[in-house]
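Q: I am new to this structure and would be grateful for a close look at a single part of it.

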Amino acid sequence: LGMIRQSAKVLLGVFGGLLLLLLATIGLGYFLNDRAEHKATEFCANIVIASKLTEAVERANGMGIRHYPNQDRQGEVFMFPGWIFNWAECHVESLEGIVHNKWVTEARD
């Protein structure tokens, strides 16, 4: 009976430890994704409509933010890493280099 109790305590401890690890991992993922979305939103909010797109690109370069031209090359996508393969992105569209639209998305790959 004593050996069964001891084995049960060990199994309960292992199960509890794994459960705590899982909860911590989920919590970290939510925190990192929320932080990425906050940073993308903040960066996007500081881009002024009717400003030059090059100003946002220069600011991103100075801050070490990854970015790339959008598909039609009429804007830029600024990337903010979240948990593992998740990204929050600030999308900026421009006409002839002048910002006319911007929005934030969360990309999951």
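A: Isoleucine 84 is exposed, with a relative accessible area of 57%; here buried means under 20% relative accessible area, exposed over 50%, and partly exposed in between, with a 1.4 Å probe and protein chains only. The model is a predicted one, in which local features need pLDDT of at least 70, side-chain atom pairs count only at pLDDT 80 or more, and totals for chains, interfaces and linings use all residues. Residues are numbered from 1 along each chain as its sequence is written, and side-chain values use heavy atoms, with hydrogens and water left out.

Isoleucine 84 lies in the loop between β2 (75–81) and β3 (86–95). Its phi is near 50 degrees, a positive value in a residue other than glycine. Most residues other than glycine have a negative phi. Glutamate 96 also has a phi near 50 degrees, again positive in a residue other than glycine. Glutamate 96 is placed in the loop between β3 and β4 (98–108), and at 81% relative accessibility it counts as exposed.

These strands belong to a chain with 2 helices and 4 strands, where helices (H or I, at least four residues) and strands (E, at least two) are DSSP runs numbered from the N terminus. Along the sequence the pattern is α-α-β-β-β-β. The radius of gyration of the chain is 22 Å, well over the 13 Å that the globule rule gives for 109 residues, so the chain is more spread out than a compact globule; this radius is taken over C-alpha atoms, and the rule is 2.2 Å times the number of residues to the power 0.38. Taken along the principal axes, the C-alpha atoms fill a box of roughly 80 × 20 × 20 Å. Buried residues make up 29% of the 109 residues.

After α2 comes glycine 64, whose phi is positive, near 75 degrees.
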